[in-house]
Amino acid sequence: MTALNRVPSLLTRAGTASALTLAAVGGTIVAPGLVSEAEAATHGTKALKIAASKKGSPYGYGAVGPHRFDCSGLTLYSYKRVGKKLPRTAAQQYNKTRHISKGNRTRGDLVFFHSGRSVYHVGIYAGKGKIWHAPKRGTVVRLEKIWTSSVWYGRVR
């Protein structure tokens with residue numbers, strides 16, 4: 001009998017099980033409104049592909065696609081296409097994500113550029129120290145190396 005097959009019998013005998021008991025036998029806990037790391041990564045990977053498909057789209061202040069974007073408009077658009085809702089601005093998006101360390105970032109996570117405590121720019125992490133983003137007026141959506149260490153990372157839930 002595998003550990004997973006034993007979970008129902010353990011729950012029946014015990015009546016309830018702690019998170020530690022479930023972890024010991026390989027079970028999982030589901031909490032309403034939360035997504036697993038794997039599910040978040042899948043949404044992030046899909047959003048990343050959508051952002052990359054917009055390569056060359058012109059920057060437009062306040063634009064949210066599908067043909068023109070500003071930085072947070074690109075992230076909003078990309079995640080909306082995979083069924084995830086983000087607020088409009090980079091700062092609001094930062095406040096809505098689960099904050100993660102540089103060492104835990106994965107493709108599809110959001111990269112927030114900040115000065116002090118103020119977030120001023122956002123892009124989607126593409127791996128290898130690069131992001132897809134809509135930089136500024138006169139530019140287009142492009143893949144670019146992260147140019148500063150003044151960044152924070154967030155994962156869309």
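Two strands are taken to pair if DSSP finds at least two bridges between them, and helices (H or I, at least four residues) and strands (E, at least two) are themselves DSSP runs, numbered from the N terminus. The structure is a predicted model, in which local features need pLDDT of at least 70 and side-chain atom pairs count only at pLDDT 80 or more, whereas totals for chains, interfaces and linings use all residues. Residues are numbered from 1 along each chain as its sequence is written, and side-chain values use heavy atoms, with hydrogens and water left out.

The chain holds five helices and six strands, and from the N terminus on its elements run α-α-α-α-α-β-β-β-β-β-β. Of its 157 residues, 40% count as buried, where buried means under 20% relative accessible area, exposed means over 50%, and partly exposed lies in between (1.4 Å probe, protein chains only). The accessible surface comes to about 9,300 Å², of which 55% belongs to carbon and sulfur atoms; accessible areas come from the Shrake-Rupley method with a 1.4 Å probe, and for residues only the protein chains shown count as cover. With contact defined as heavy atoms within 4.5 Å, 51% of the contacts between residues at least 6 apart in sequence join residues at least 24 apart.

Strand 3 and strand 4 run antiparallel and are joined by three bridges, with Gly 127 standing opposite Lys 130 in strand 4. These two strands form a hairpin with two residues between them. Lys 128, in the loop between strand 3 (118-127) and strand 4 (130-133), has a positive phi of about 55° although it is not a glycine, and at 81% relative accessibility Lys 128 counts as exposed. Strand 4 in turn pairs with strand 5 (residues 142-145) in the antiparallel sense over four bridges, and the bridge partner of His 133 in strand 5 is Arg 142. Arg 142 counts as partly exposed, at 31% relative accessibility, and, residues up to four places away in sequence not counted, touches Ile 131, Trp 132, His 133 and Pro 135. The C-alpha atoms of Arg 142 and Ala 51, which are 91 residues apart along the chain, are separated by 9.0 Å.

A nonpolar core is a set of buried Ala, Val, Leu, Ile, Met, Phe, Trp, Tyr and Cys residues joined through side-chain atoms within 4.5 Å. The largest such core has 24 residues, and those with the most contacts inside it are Tyr 79 and Leu 110. The elements that give two or more residues to this core are helix 3, helix 4, helix 5 (90-96), strand 2 (110-115) and strand 3. Apart from it lies another core, of eight residues, among them Ile 100, Tyr 125, Ile 146 and Val 151. Residues touched by Leu 110, beyond four places away in sequence, include Thr 75, Tyr 79, Val 122, Ile 124 and Trp 152.

The loop between helix 3 (37-53) and helix 4 (71-80) contains Pro 66, and the peptide bond from Gly 65 to Pro 66 is cis, with omega near 10°. Most residues other than glycine have a negative phi, and most peptide bonds are trans. Ser 57 lies in the loop between helix 3 and helix 4 and is buried, with a relative accessible area of 11%. The side chain of Ser 57 reaches the backbone oxygen of Lys 54 at 2.9 Å. Residues up to four places away in sequence not counted, Ser 57 touches His 67, Phe 69, Val 140 and Val 141.

How values were computed. Polar contact = N/O pair within 3.5 Å; in protein donor to acceptor, adjacent residues only side chain to side chain.
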